[in-house]
Amino acid sequence: MANYDNITLEKGMYQSGRTLTEVLEGLDPSENYRGTSLEGLDAFSRQLKRFDIKVSGKGSDVVEKFFRTSNSAALFPEYVSRAVRQGMEEADVLSDIVATVTSIDGMDYRSITSTPSSDDKSMMKVAEGAFIPTTEVKTSSTLVKLHKRGRMLVSSFEALRFQKIDLFTVTLKQIGAYIARAQLKDAVDVLISGDGNNNAASSISSAVSDTLSYADLVSLWAALSPYELNTIIAPTGAMTKLLSITEMKDATAGLNFQSTGKMVTPLGANLIHTSAISGDAVIGLDRTCALEMVVAADVTTEYDKLIDRQLERAAISSIAGFSKIFTDASVKLTY
């Protein structure tokens, strides 16, 4: 296997469907460094060490250091992608509402769906010799709508060459946060309106207009049965009303919020705040079976412009879409 000091880096190592880090891991596996001082670093981090490029901390280098050699310049697009991905992870809410993530090669994807009847959910007794009841799982009639989200990075090398890399990372992480919030809106839209397969969420109303009460949360829990109400998504206005409910002031709920920063309803459901919902409504769902995320392209960066022209203009983007798995595993509560 190649040693990390002897790998020739070039643009051709950026391959469709694979990150530079994955390519480098194939050439320089991390398992070869167990028990050494480099244990804990992935293949990309070892290349940063090779060229003595510090991307964070008090001793962070300037952006120019990436371009000291042609080999080190080839690392720059991957650094950009990783910083954007880090920003997406820090702003991530999707992992709290998505049941599964499917990665595909291409732009066409047809998911599967199921709408169990009441009998399907009850799992009735089967007499000896009788037919076992069936639950139909079928291919969706329409393709999953994929959306490309991203930003155009516009700057000259001269404008950034003497800037600290960790300062530049802050900007890149914000781009990642923007992408994450846009994808969350896509997910919420699918939960409410469906994915084009006539599977919009069923809707119930609060007992008193313009009010949310503990009884309304119980009604939401009941409407979702037999699925588990483990997640509630609410916009700012609804969050204000929910947090004013007497039961939300329970000492245990408050202690959890103070220690973890996460709010849990009296019913045990995680409460997620987002501005992606318009109107006076909240969504209750079973995150274990309601939504599938389909990723056609992870965070990608136009590497040619970043390497050859030393930044100038480069697009940073991610392509993803969402599909409902069990149609009735999400319910909309309006007030």
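Predicted model: local features only at pLDDT ≥ 70, side-chain atom pairs only at ≥ 80, totals over all residues.

Tutor: Residues are numbered from 1 along each chain as its sequence is written, and side-chain values use heavy atoms, with hydrogens and water left out.

Student: Which element gives the most to the lining of the largest pocket?

Tutor: A pocket is an open set of points on a 1 Å grid over the protein atoms alone, where a 1.4 Å probe fits, with protein on both sides within 12 Å along at least five of seven lines; lining residues have an atom within 4 Å of a point. The largest pocket is lined by 50 residues, with Val295, Ala297, Asp298, Val299 and Ser318 nearest its centre. Elements giving two or more residues to this lining include α7 (165-193), β10 (291-301) and β11 (312-324), where helices (H or I, at least four residues) and strands (E, at least two) are DSSP runs numbered from the N terminus. With 8 residues, the leading contributor is β10.

Student: What volume does the second largest pocket have?

Tutor: Its lining comprises 17 residues, and Phe44, Ser45, Leu48, Val55 and Arg82 lie nearest the centre. A volume is the space filled by probe spheres set on the grid points, which are joined across faces, edges and corners. For the second largest pocket, this space is about 390 Å³.

Student: Which element supplies the largest share of the lining of the second largest pocket?

Tutor: Both α2 (43-50) and α4 supply at least two residues of that lining. The largest share amounts to 6 residues and comes from α4.

Student: How many of the 15 residues of α4 are buried?

Tutor: Buried means under 20% relative accessible area (1.4 Å probe, protein chains only). Among the buried residues of α4 are Phe76, Tyr79, Arg85 and Met88. The helix α4 is largely enclosed by the rest of the structure, because the number of its residues that are buried is 11.

Student: Is Lys65 buried or exposed, and why?

Tutor: Lys65 lies in the loop between α2 and α3 (70-73). Leaving aside residues up to four places away in sequence, Lys65 touches Phe51, Asp52, Ile53 and Ser72, a contact being heavy atoms within 4.5 Å. Because its relative accessibility is 14%, Lys65 counts as buried.

Definitions and conventions:
Buried < 20%, exposed > 50% of the residue type's maximum accessible area, 1.4 Å probe, protein only.
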